Amino acid sequence: MKLALVGQLGAGERRAWQDALAQALPEARWVEAAPGAEVDVALVANPSPGRLQGLQGLKLIQSLWAGVDRLLADATLPAGVPIARMVDPAMSAAMAETALWAVLSLHRGFFDYARQQREAVWRQLPQRRADEVRVAVLGLGEMGATAARRLVSQGYRVAGWSARPREVPDVECLHGDAALPVLLARSDVVVNLLPLTAATRGLFDAQRLALLPEGASLVNLARGGHVVEADLLAALDSGHLRHAVLDVFQAEPLPSENPFWRHPRVTLLPHAAALTDARSAAAVAAANVRAVLAGDTPAHRVEIRRGY
Ligand code: NAP
Ligand code: GLV
(Lines give C-alpha, C1' and ligand atoms only; values in the text may rest on other atoms or scores of the structure.)
(Ligands and ions follow the chains in the order given, each with its own letter.)
Protein backbone atom coordinates (compact mmCIF):
# COMPACT_ATOMS: atom_id res chain seq x y z
CA MET A 1 0.00 0.00 0.00
CA LYS A 2 1.51 3.29 -1.16
CA LEU A 3 0.63 6.42 0.77
CA ALA A 4 1.55 10.04 0.15
CA LEU A 5 1.28 12.80 2.75
CA VAL A 6 0.58 16.06 1.00
CA GLY A 7 0.03 19.53 2.38
CA GLN A 8 1.08 22.35 4.58
CA LEU A 9 2.84 20.45 7.34
CA GLY A 10 5.96 21.49 9.21
CA ALA A 11 8.72 18.90 9.63
CA GLY A 12 7.59 18.05 13.19
CA GLU A 13 3.94 17.69 12.16
CA ARG A 14 4.89 15.51 9.17
CA ARG A 15 6.92 13.24 11.45
CA ALA A 16 4.05 13.02 13.96
CA TRP A 17 1.65 11.99 11.19
CA GLN A 18 4.03 9.46 9.67
CA ASP A 19 4.73 7.91 13.09
CA ALA A 20 1.04 7.73 14.01
CA LEU A 21 0.08 6.34 10.60
CA ALA A 22 2.94 3.84 10.61
CA GLN A 23 1.54 2.44 13.86
CA ALA A 24 -1.99 2.27 12.46
CA LEU A 25 -0.90 0.95 9.03
CA PRO A 26 2.41 -0.93 9.49
CA GLU A 27 2.29 -2.19 5.90
CA ALA A 28 2.24 1.36 4.45
CA ARG A 29 5.04 2.59 2.20
CA TRP A 30 5.54 6.35 1.87
CA VAL A 31 5.98 7.78 -1.59
CA GLU A 32 6.45 11.32 -2.92
CA ALA A 33 3.36 12.83 -4.55
CA ALA A 34 4.80 13.78 -7.93
CA PRO A 35 3.17 13.61 -11.38
CA GLY A 36 3.32 10.01 -12.65
CA ALA A 37 3.91 8.49 -9.18
CA GLU A 38 1.89 5.39 -8.19
CA VAL A 39 -0.09 6.31 -5.05
CA ASP A 40 -2.99 4.35 -3.54
CA VAL A 41 -4.10 6.97 -1.02
CA ALA A 42 -3.23 10.64 -0.68
CA LEU A 43 -3.56 11.92 2.88
CA VAL A 44 -3.93 15.64 2.48
CA ALA A 45 -3.71 18.60 4.84
CA ASN A 46 -5.10 21.62 2.99
CA PRO A 47 -2.75 21.12 -0.01
CA SER A 48 -1.94 23.84 -2.52
CA PRO A 49 -3.84 23.52 -5.82
CA GLY A 50 -2.25 21.11 -8.32
CA ARG A 51 -0.45 18.94 -5.76
CA LEU A 52 -2.51 15.83 -6.61
CA GLN A 53 -2.31 16.25 -10.36
CA GLY A 54 -0.96 13.29 -12.34
CA LEU A 55 -0.92 10.71 -9.50
CA GLN A 56 -1.47 7.20 -10.85
CA GLY A 57 -3.84 4.57 -9.36
CA LEU A 58 -5.28 6.91 -6.73
CA LYS A 59 -8.17 5.25 -4.85
CA LEU A 60 -8.84 7.73 -2.05
CA ILE A 61 -8.12 11.30 -1.08
CA GLN A 62 -8.33 11.37 2.71
CA SER A 63 -8.41 14.88 4.11
CA LEU A 64 -6.72 15.36 7.47
CA TRP A 65 -8.82 18.50 7.85
CA ALA A 66 -12.56 18.57 8.55
CA GLY A 67 -13.19 21.38 6.06
CA VAL A 68 -12.56 20.56 2.40
CA ASP A 69 -13.43 23.90 0.79
CA ARG A 70 -9.87 24.62 -0.37
CA LEU A 71 -9.41 21.06 -1.63
CA LEU A 72 -12.63 21.16 -3.65
CA ALA A 73 -11.65 24.50 -5.18
CA ASP A 74 -8.67 22.78 -6.88
CA ALA A 75 -9.68 22.49 -10.55
CA THR A 76 -6.94 19.90 -11.14
CA LEU A 77 -8.28 17.41 -8.57
CA PRO A 78 -8.30 13.89 -10.12
CA ALA A 79 -11.86 13.18 -11.28
CA GLY A 80 -13.84 10.26 -9.85
CA VAL A 81 -11.56 9.60 -6.85
CA PRO A 82 -13.58 9.54 -3.59
CA ILE A 83 -12.73 12.26 -1.09
CA ALA A 84 -13.24 11.71 2.64
CA ARG A 85 -13.13 14.46 5.26
CA MET A 86 -11.68 14.09 8.75
CA VAL A 87 -14.24 13.25 11.40
CA ASP A 88 -12.53 12.66 14.73
CA PRO A 89 -14.45 12.88 18.02
CA ALA A 90 -11.34 14.40 19.64
CA MET A 91 -11.48 17.28 17.17
CA SER A 92 -15.23 17.76 17.70
CA ALA A 93 -14.64 17.83 21.48
CA ALA A 94 -11.94 20.48 21.05
CA MET A 95 -14.32 22.56 18.94
CA ALA A 96 -17.04 22.26 21.57
CA GLU A 97 -14.56 23.53 24.19
CA THR A 98 -13.74 26.57 22.06
CA ALA A 99 -17.43 27.28 21.44
CA LEU A 100 -18.13 26.99 25.17
CA TRP A 101 -15.22 29.29 26.10
CA ALA A 102 -16.45 31.91 23.62
CA VAL A 103 -20.12 31.75 24.66
CA LEU A 104 -19.31 31.69 28.38
CA SER A 105 -16.89 34.62 28.03
CA LEU A 106 -19.49 36.64 26.13
CA HIS A 107 -22.28 35.72 28.53
CA ARG A 108 -20.31 36.61 31.68
CA GLY A 109 -18.55 39.64 30.19
CA PHE A 110 -15.07 38.14 30.60
CA PHE A 111 -13.79 39.79 27.39
CA ASP A 112 -15.07 43.12 28.75
CA TYR A 113 -13.35 42.50 32.08
CA ALA A 114 -10.07 41.72 30.24
CA ARG A 115 -10.38 45.11 28.48
CA GLN A 116 -11.23 46.81 31.76
CA GLN A 117 -8.10 45.31 33.33
CA ARG A 118 -5.92 46.73 30.54
CA GLU A 119 -7.46 50.14 31.28
CA ALA A 120 -7.37 49.72 35.10
CA VAL A 121 -11.16 50.09 35.29
CA TRP A 122 -12.97 48.59 38.32
CA ARG A 123 -16.60 48.10 37.25
CA GLN A 124 -19.02 45.22 37.77
CA LEU A 125 -21.19 44.31 34.81
CA PRO A 126 -24.73 42.89 34.90
CA GLN A 127 -24.76 39.13 35.51
CA ARG A 128 -27.24 37.01 33.56
CA ARG A 129 -28.11 33.35 33.98
CA ALA A 130 -27.07 30.92 31.26
CA ASP A 131 -30.69 30.05 30.51
CA GLU A 132 -31.28 33.71 29.63
CA VAL A 133 -28.71 33.56 26.81
CA ARG A 134 -30.02 32.51 23.40
CA VAL A 135 -27.33 30.80 21.36
CA ALA A 136 -27.70 29.90 17.68
CA VAL A 137 -25.36 27.25 16.32
CA LEU A 138 -25.20 27.39 12.54
CA GLY A 139 -24.36 23.93 11.18
CA LEU A 140 -25.46 20.82 13.05
CA GLY A 141 -22.84 18.42 11.71
CA GLU A 142 -19.97 16.83 13.61
CA MET A 143 -18.73 20.15 15.01
CA GLY A 144 -22.03 21.99 15.39
CA ALA A 145 -24.01 19.17 17.03
CA THR A 146 -21.16 18.45 19.50
CA ALA A 147 -20.87 22.16 20.37
CA ALA A 148 -24.65 22.50 20.71
CA ARG A 149 -24.81 19.53 23.10
CA ARG A 150 -21.98 20.99 25.18
CA LEU A 151 -23.71 24.38 25.38
CA VAL A 152 -26.99 22.73 26.39
CA SER A 153 -25.16 20.84 29.14
CA GLN A 154 -24.02 24.21 30.54
CA GLY A 155 -27.58 25.53 30.64
CA TYR A 156 -27.71 27.76 27.53
CA ARG A 157 -30.85 28.10 25.39
CA VAL A 158 -29.60 26.60 22.15
CA ALA A 159 -31.13 26.57 18.69
CA GLY A 160 -29.39 25.04 15.68
CA TRP A 161 -29.62 25.44 11.93
CA SER A 162 -28.87 22.95 9.16
CA ALA A 163 -29.72 22.37 5.52
CA ARG A 164 -31.80 19.24 6.15
CA PRO A 165 -33.92 18.40 9.21
CA ARG A 166 -31.76 17.28 12.17
CA GLU A 167 -32.47 16.29 15.74
CA VAL A 168 -30.21 17.14 18.67
CA PRO A 169 -31.61 16.54 22.18
CA ASP A 170 -32.74 19.75 23.92
CA VAL A 171 -31.77 21.87 20.90
CA GLU A 172 -34.45 23.62 18.86
CA CYS A 173 -33.50 22.46 15.37
CA LEU A 174 -34.38 24.63 12.38
CA HIS A 175 -33.45 24.04 8.76
CA GLY A 176 -33.56 25.68 5.38
CA ASP A 177 -32.96 29.19 4.09
CA ALA A 178 -36.29 30.63 5.31
CA ALA A 179 -35.51 29.76 8.93
CA LEU A 180 -32.22 31.68 9.10
CA PRO A 181 -33.54 35.27 9.37
CA VAL A 182 -36.02 34.16 12.04
CA LEU A 183 -33.24 32.50 14.04
CA LEU A 184 -30.77 35.39 13.68
CA ALA A 185 -33.37 37.90 14.85
CA ARG A 186 -33.71 36.13 18.21
CA SER A 187 -30.13 35.15 19.01
CA ASP A 188 -27.77 36.78 21.51
CA VAL A 189 -24.77 34.79 20.30
CA VAL A 190 -24.32 33.15 16.90
CA VAL A 191 -21.73 30.38 16.64
CA ASN A 192 -20.82 29.62 13.04
CA LEU A 193 -19.89 26.00 12.30
CA LEU A 194 -20.96 25.74 8.68
CA PRO A 195 -18.80 24.43 5.86
CA LEU A 196 -17.70 27.01 3.29
CA THR A 197 -19.67 26.34 0.10
CA ALA A 198 -21.25 28.35 -2.71
CA ALA A 199 -24.38 28.59 -0.53
CA THR A 200 -22.63 29.80 2.64
CA ARG A 201 -19.87 32.08 1.31
CA GLY A 202 -20.43 35.65 2.49
CA LEU A 203 -23.35 34.58 4.71
CA PHE A 204 -22.53 37.21 7.33
CA ASP A 205 -22.97 40.35 5.25
CA ALA A 206 -24.39 43.72 6.31
CA GLN A 207 -27.97 42.58 5.69
CA ARG A 208 -27.76 39.44 7.85
CA LEU A 209 -25.70 41.11 10.58
CA ALA A 210 -28.40 43.79 10.78
CA LEU A 211 -30.96 41.06 11.55
CA LEU A 212 -29.18 40.26 14.81
CA PRO A 213 -30.56 42.03 17.88
CA GLU A 214 -28.64 45.11 19.06
CA GLY A 215 -25.81 43.93 21.31
CA ALA A 216 -25.57 40.40 19.86
CA SER A 217 -22.18 38.73 19.25
CA LEU A 218 -20.72 36.58 16.49
CA VAL A 219 -18.40 33.62 17.03
CA ASN A 220 -16.86 32.43 13.78
CA LEU A 221 -15.04 29.12 14.17
CA ALA A 222 -15.63 27.82 10.63
CA ARG A 223 -14.09 29.72 7.71
CA GLY A 224 -13.14 33.34 7.03
CA GLY A 225 -15.06 33.26 3.73
CA HIS A 226 -18.35 33.11 5.63
CA VAL A 227 -17.90 36.71 6.77
CA VAL A 228 -17.82 39.92 4.75
CA GLU A 229 -15.10 41.42 6.91
CA ALA A 230 -15.80 45.07 6.05
CA ASP A 231 -19.47 44.58 6.98
CA LEU A 232 -18.54 42.94 10.28
CA LEU A 233 -16.17 45.80 11.11
CA ALA A 234 -18.92 48.32 10.36
CA ALA A 235 -21.39 46.44 12.59
CA LEU A 236 -18.82 46.40 15.43
CA ASP A 237 -17.85 50.04 14.97
CA SER A 238 -21.46 51.19 14.99
CA GLY A 239 -22.04 49.30 18.25
CA HIS A 240 -24.77 47.15 16.69
CA LEU A 241 -22.67 44.08 17.47
CA ARG A 242 -21.18 43.83 20.94
CA HIS A 243 -18.25 41.53 20.20
CA ALA A 244 -16.83 39.10 17.66
CA VAL A 245 -14.76 36.04 18.43
CA LEU A 246 -12.88 35.13 15.26
CA ASP A 247 -10.73 32.07 14.65
CA VAL A 248 -10.68 32.20 10.86
CA PHE A 249 -10.13 34.95 8.29
CA GLN A 250 -10.24 35.72 4.59
CA ALA A 251 -6.42 35.87 4.60
CA GLU A 252 -4.44 33.59 6.92
CA PRO A 253 -2.13 34.23 8.65
CA LEU A 254 -4.03 37.44 9.39
CA PRO A 255 -1.90 40.33 8.03
CA SER A 256 -0.49 42.51 10.82
CA GLU A 257 -2.19 45.62 9.43
CA ASN A 258 -5.68 44.01 9.61
CA PRO A 259 -7.86 46.10 11.97
CA PHE A 260 -9.23 42.97 13.68
CA TRP A 261 -5.90 42.56 15.51
CA ARG A 262 -6.38 45.69 17.55
CA HIS A 263 -10.16 46.09 17.56
CA PRO A 264 -11.45 46.49 21.14
CA ARG A 265 -14.53 44.41 20.37
CA VAL A 266 -12.69 41.52 18.73
CA THR A 267 -11.08 38.49 20.34
CA LEU A 268 -9.12 36.42 17.89
CA LEU A 269 -7.39 33.06 17.64
CA PRO A 270 -4.90 31.90 14.97
CA HIS A 271 -7.16 29.24 13.36
CA ALA A 272 -6.80 27.07 16.43
CA ALA A 273 -10.41 26.36 17.44
CA ALA A 274 -9.93 22.61 16.78
CA LEU A 275 -6.68 21.24 15.45
CA THR A 276 -6.45 17.74 14.05
CA ASP A 277 -4.59 15.55 16.52
CA ALA A 278 -2.53 12.94 14.68
CA ARG A 279 -2.65 10.64 17.72
CA SER A 280 -6.41 10.03 17.32
CA ALA A 281 -6.99 11.04 13.70
CA ALA A 282 -4.47 8.54 12.31
CA ALA A 283 -6.76 5.68 13.35
CA VAL A 284 -9.69 7.36 11.58
CA ALA A 285 -7.65 7.79 8.39
CA ALA A 286 -6.29 4.24 8.64
CA ALA A 287 -9.79 2.75 8.86
CA ASN A 288 -10.72 4.56 5.65
CA VAL A 289 -7.54 3.47 3.87
CA ARG A 290 -8.29 -0.17 4.75
CA ALA A 291 -11.95 0.18 3.72
CA VAL A 292 -11.09 1.55 0.29
CA LEU A 293 -8.32 -0.96 -0.39
CA ALA A 294 -10.83 -3.71 0.52
CA GLY A 295 -13.22 -2.30 -2.09
CA ASP A 296 -15.61 -0.63 0.40
CA THR A 297 -16.90 2.94 0.48
CA PRO A 298 -14.94 5.28 2.76
CA ALA A 299 -16.69 6.80 5.76
CA HIS A 300 -17.48 10.54 5.70
CA ARG A 301 -17.31 10.79 1.94
CA VAL A 302 -17.61 14.34 0.68
CA GLU A 303 -20.71 15.06 -1.40
CA ILE A 304 -19.12 17.05 -4.20
CA ARG A 305 -22.50 18.42 -5.32
CA ARG A 306 -23.15 19.91 -1.86
CA GLY A 307 -19.55 21.03 -1.37
CA TYR A 308 -19.08 19.33 2.02
P1 NAP B 1 -20.34 18.61 8.69
O2 NAP B 1 -20.39 17.46 9.63
O3 NAP B 1 -20.33 18.35 7.24
O4 NAP B 1 -21.59 19.55 9.06
C5 NAP B 1 -21.94 20.65 8.30
C6 NAP B 1 -23.27 21.18 8.81
O7 NAP B 1 -23.57 22.40 8.13
C8 NAP B 1 -24.44 20.23 8.54
O9 NAP B 1 -25.34 20.24 9.61
C10 NAP B 1 -25.07 20.83 7.30
O11 NAP B 1 -26.46 20.57 7.15
C12 NAP B 1 -24.89 22.31 7.57
N13 NAP B 1 -24.99 23.07 6.33
C14 NAP B 1 -24.20 23.00 5.22
N15 NAP B 1 -24.62 23.85 4.28
C16 NAP B 1 -25.70 24.48 4.80
C17 NAP B 1 -26.61 25.46 4.30
N18 NAP B 1 -26.46 25.97 3.07
N19 NAP B 1 -27.61 25.85 5.09
C20 NAP B 1 -27.78 25.34 6.33
N21 NAP B 1 -26.96 24.40 6.87
C22 NAP B 1 -25.94 23.97 6.10
O23 NAP B 1 -19.08 19.52 9.00
P24 NAP B 1 -18.28 19.63 10.38
O25 NAP B 1 -17.35 18.51 10.55
O26 NAP B 1 -19.25 19.92 11.46
O27 NAP B 1 -17.38 20.92 10.09
C28 NAP B 1 -17.97 22.18 9.81
C29 NAP B 1 -16.90 23.16 9.43
O30 NAP B 1 -16.15 23.54 10.58
C31 NAP B 1 -15.84 22.66 8.47
O32 NAP B 1 -16.28 22.67 7.14
C33 NAP B 1 -14.71 23.63 8.69
O34 NAP B 1 -14.87 24.73 7.82
C35 NAP B 1 -14.93 24.11 10.13
N36 NAP B 1 -13.84 23.66 11.01
C37 NAP B 1 -13.04 24.62 11.55
C38 NAP B 1 -12.02 24.25 12.41
C39 NAP B 1 -11.18 25.29 13.07
O40 NAP B 1 -10.21 24.96 13.75
N41 NAP B 1 -11.51 26.56 12.94
C42 NAP B 1 -11.81 22.90 12.71
C43 NAP B 1 -12.64 21.95 12.13
C44 NAP B 1 -13.67 22.34 11.28
P45 NAP B 1 -26.99 19.06 6.97
O46 NAP B 1 -26.82 18.44 8.34
O47 NAP B 1 -28.40 19.24 6.62
O48 NAP B 1 -26.11 18.44 5.93
C1 GLV C 1 -9.66 23.08 10.22
O2 GLV C 1 -9.99 24.21 9.99
C3 GLV C 1 -10.28 21.93 9.64
O4 GLV C 1 -11.11 22.10 8.74
O5 GLV C 1 -9.95 20.80 10.06
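H271 is partly exposed, with a relative accessible area of 23%. This residue sits in the loop between β12 and α9. The model is predicted. H271 is also one of the residues around ligand 2.

**Ligand 2 and H271**

- The residues around ligand 2 are W65, A66, G67, M91, R223 and H271.
- By class, this shell holds three nonpolar, two polar and one charged residues.
- The side chain of H271 places an N or O atom 2.6 Å from an oxygen atom of ligand 2.
- A66 approaches with its backbone: an N or O atom there lies 2.7 Å from an oxygen atom of ligand 2.
- G67 also uses a backbone N or O atom, which lies 2.7 Å from an oxygen atom of ligand 2.
- Ligand 2 exposes 190 Å² when taken alone, and the protein buries 88% of that.
- The backbone of H271 has a positive phi, near 50°, in a residue other than glycine.
- H271 counts as partly exposed rather than buried because its relative accessible area is 23%, and buried means under 20%.

**Ligand 1**

- The shell around ligand 1 has 29 residues, of which M143, R164, R166, D247 and Y308 come nearest.
- By class, the shell divides into 17 nonpolar, six polar and six charged residues.
- A polar backbone atom of A163 is 2.9 Å from a nitrogen atom of ligand 1.
- L221 likewise has a polar backbone atom 2.9 Å from a nitrogen atom of ligand 1.
- Y308 uses its side chain: a polar atom there lies 2.7 Å from an oxygen atom of ligand 1.
- Taken alone, ligand 1 exposes 940 Å², and the protein buries 94% of that.

**Helix α9**

- Helix α9 covers residues 278-293, which makes 16 residues.
- At 1.5 Å a residue, α9 should span 22 Å. Its end C-alpha atoms are 21 Å apart, which agrees.
- The buried residues in α9 are A278, A281, A282, A285, A286, N288, V289, A291 and V292.
- An α-helix has 3.6 residues a turn, so residues three or four places apart point the same way.
- The buried residues of α9 pack against β1 (2-7), α1 (11-24), β3 (41-45), β4 (60-63) and β5 (83-84).
- Just after α9, G295 takes a positive phi of about 90°.

**H300, after the helix**

- H300 lies in the segment after α9.
- H300 has a positive phi of about 60°, although it is not a glycine.
- H300 counts as partly exposed because its relative accessibility is 35%.

**H226**

- H226 lies in the loop between β10 (216-220) and α8 (229-237).
- Is H226 buried or exposed? At 0% relative accessibility, H226 counts as buried.
- The side chains of H226 and N192 are joined by a polar contact of 3.0 Å.
- Leaving out residues up to four places away in sequence, H226 touches N192, L194, P195, L196, T200, G202, L203, F204 and N220.

**W101**

- W101 belongs to helix α3.
- W101 is partly exposed because its relative accessible area is 31%.
- Leaving out residues up to four places away in sequence, W101 touches F111, V245, T267 and L269.
- W101 and V182 are 81 residues apart along the chain, and their C-alpha atoms are separated by 26 Å.

**A cis peptide bond**

- Which peptide bond is cis, with omega near -5°? The bond runs from E252 to P253.
- P253 is placed in the loop between β11 (241-246) and β12 (266-268).

Methods. Residues are numbered from 1 along each chain as its sequence is written. Chains are lettered from A and ligands numbered from 1 in the order in which they are written. This is a predicted model: local features need pLDDT of at least 70, side-chain atom pairs count only at pLDDT 80 or more; totals for chains, interfaces and linings use all residues. Side-chain values use heavy atoms; hydrogens and water are left out. A residue is near a molecule or strand if one of its heavy atoms lies within 4 Å of it. A polar contact is a pair of N or O atoms within 3.5 Å; within protein, one must be able to donate a hydrogen and the other to accept it, and residues adjacent in sequence count only if both atoms are side-chain atoms. Accessible areas come from the Shrake-Rupley method with a 1.4 Å probe; for residues, only the protein chains shown count as cover. Ala, Val, Leu, Ile, Met, Phe, Trp, Tyr, Cys and Pro count as nonpolar, Asp, Glu, Lys and Arg as charged, and the others, Gly among them, as polar. Helices (H or I, at least four residues) and strands (E, at least two) are DSSP runs, numbered from the N terminus. The expected span of a helix is 1.5 Å times one less than its number of residues. Buried means under 20% relative accessible area, exposed over 50%, partly exposed in between (1.4 Å probe, protein chains only). Contact means heavy atoms within 4.5 Å.
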